[in-house]
Protein chains: 2
Amino acid sequence: MKIGELSRATGTNIETIRYYERIGLLPAPGRTAANYRSYGDAHRARLAFVRHSRDLGFTIEEIRSLLDLSDNPTRECDEADRIATRHLEQVQEKITQLSLLRDELARIIGRCRGGIAADCRVIEALSDHSHCENAHV
Amino acid sequence: MKIGELSRATGTNIETIRYYERIGLLPAPGRTAANYRSYGDAHRARLAFVRHSRDLGFTIEEIRSLLDLSDNPTRECDEADRIATRHLEQVQEKITQLSLLRDELARIIGRCRGGIAADCRVIEALSDHSHCENAHV
DNA sequence: CTTGACCCCGTAGTTGCTACAGGGTGCATA
DNA sequence: TATGCACCCTGTAGCAACTACGGGGTCAAG
């Protein structure tokens with residue numbers, strides 16, 4: 001299949017596919033006589049793996065390690081577990097921080113009763129961190 | 001005060017302060033005879049506003065608008081309210097998505113019982129989106 | 001034979017910084 | 001007086017993970 005089809009099949013931007021190839025995340029496919037990239041099912045599966053991992057928030061470098069494991073199925077899977085667990089911790093940490101942020105924003109907005117900027121509680125709250133109830137980043 | 005003092009006073013990297021000046025977020029301060037930047041309290045307050053807003057996740061462009069409002073206190077504060085509200089919505093959306101992600105990751109990891117990569121549930125789950133219970137991004 | 005959809009490559013832009021390299025300034029100490 | 005050191009200056013390049021050109025080639029339909 002050509003790059004446009006692969007793009008549609010995986011919901012990946014064409015430029016992104018070429019980018020993944022350039023950074024060595026996807027193997028360079030064969031070419032047609034017209035020098036068009038020609039992909040097979042293995043390529044599609046690998047790209048799906050990459051996209052799914054990216055959707056789950058893994059970095060490119062993490063995905064490199066995961067692909068490496070996936071390519072060497074006799075290796076211990078401890079590392080995959082470790083990568084995923086560490087990532088889970090990071091996601092949880094991010095959720096916690098964003099929740100504090102949300103509460104702080106809601107509090108700031110809640111105090112605004114309209115009017116002119118001189119009396120704006122949003123602006124006032126942003127001017128002075130000491131008004132914050134929760135320690136955010 | 002010199003840039004190093006401002007940096008310590010606001011917990012902002014020196015390079016970041018110069019960066020903010022370069023992109024016009026902070027006004028260029030006066031200079032000493034030795035061409036060192038010389039800041040006053042107004043600069044410190046403005047930088048604190050910027051840092052606080054960044055900590056709350058506002059983009060530079062949003063901060064530009066907020067600063068603009070803050071500089072023109074007779075303007076209606078609707079826009080500040082609008083910016084903050086939109087941002088709150090985005091934060092909430094992000095929290096929702098990350099929570100789905102966390103659940104998905106926890107589910108994937110929970111199925112892993114160690115062993116070799118060929119049997120690794122983490123790798124398997126990443127290979128195939130159809131195993132997902134929640135629609136994530 | 002031309003129109004349009006598709007493909008190629010290379011490079012530059014995005015966001016919000018951070019990190020040099022290569023130099024100048026200012027003060028204390030040997 | 002020299003010299004070491006902390007601090008400051010500018011300008012440019014790097015980071016992640018794409019995205020968006022610009023300027024061209026290919027190919028089937030009308």
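This briefing covers the protein surface around DNA strand D and a set of salt bridges in the protein chains. The model is predicted. In it, 20 residues surround DNA strand D, and a search over all chains of the whole structure finds 17 salt bridges.

**Surface near DNA strand D**

- The closest of the 20 residues around DNA strand D are E15(A), Y36(A), R54(A), R18(B) and R37(B).
- Of the atoms of DNA strand D that come within 4 Å of the protein, 74% belong to sugar and phosphate.
- Sorted by class, the surface near DNA strand D consists of eight nonpolar, seven charged and five polar residues.
- Four helices each supply at least two residues of this surface: helix 2 (14-22) and helix 3 (41-55) of chain A, and helix 1 (3-10) and helix 2 (14-22) of chain B.
- Helix 2 of chain A provides the largest share of the surface, with four residues.

**Polar contacts with phosphate oxygens of DNA strand D**

- R54(A) places a polar side-chain atom 2.6 Å from a phosphate oxygen of DNA strand D.
- For R37(B), the distance from a polar side-chain atom to a phosphate oxygen of DNA strand D is 2.7 Å.
- I60(A) makes its contact through a backbone N or O atom, which lies 3.3 Å from a phosphate oxygen of DNA strand D.

**Salt bridge between helices of chain B**

- The side chains of R46(B) and D71(B) form a salt bridge, with an N to O distance of 3.2 Å.
- R46(B) is in helix 3 (residues 41-55) of chain B and D71(B) is in helix 4 (residues 60-71) of chain B, so this pair ties together parts that lie 25 residues apart in sequence.
- Both partners count as partly exposed: R46(B) has a relative accessibility of 22%, and D71(B) has one of 41%.

- In chain A, the side chains of R102(A) and D103(A) meet in a salt bridge at 3.4 Å, N to O.
- R102(A) is partly exposed, at 23% relative accessible area, and D103(A) is partly exposed at 37%.
- In chain B, the side chains of R102(B) and D103(B) likewise meet in a salt bridge at 3.4 Å, N to O.
- R102(B) has a relative accessible area of 23% and is partly exposed; D103(B), at 37%, is also partly exposed.

- Side chains of opposite charge can pair when their charged atoms come close.

Notes: Residues numbered from 1 in each chain as written. Chains lettered and ligands numbered in written order. Predicted model: local features only at pLDDT ≥ 70, side-chain atom pairs only at ≥ 80, totals over all residues. Heavy atoms only, no water. Near = heavy atom within 4 Å. Polar contact = N/O pair within 3.5 Å; in protein donor to acceptor, adjacent residues only side chain to side chain. Nonpolar A, V, L, I, M, F, W, Y, C, P; charged D, E, K, R; others polar. Salt bridge = Lys/Arg side-chain N within 4 Å of Asp/Glu carboxyl O. Buried < 20%, exposed > 50% of the residue type's maximum accessible area, 1.4 Å probe, protein only.
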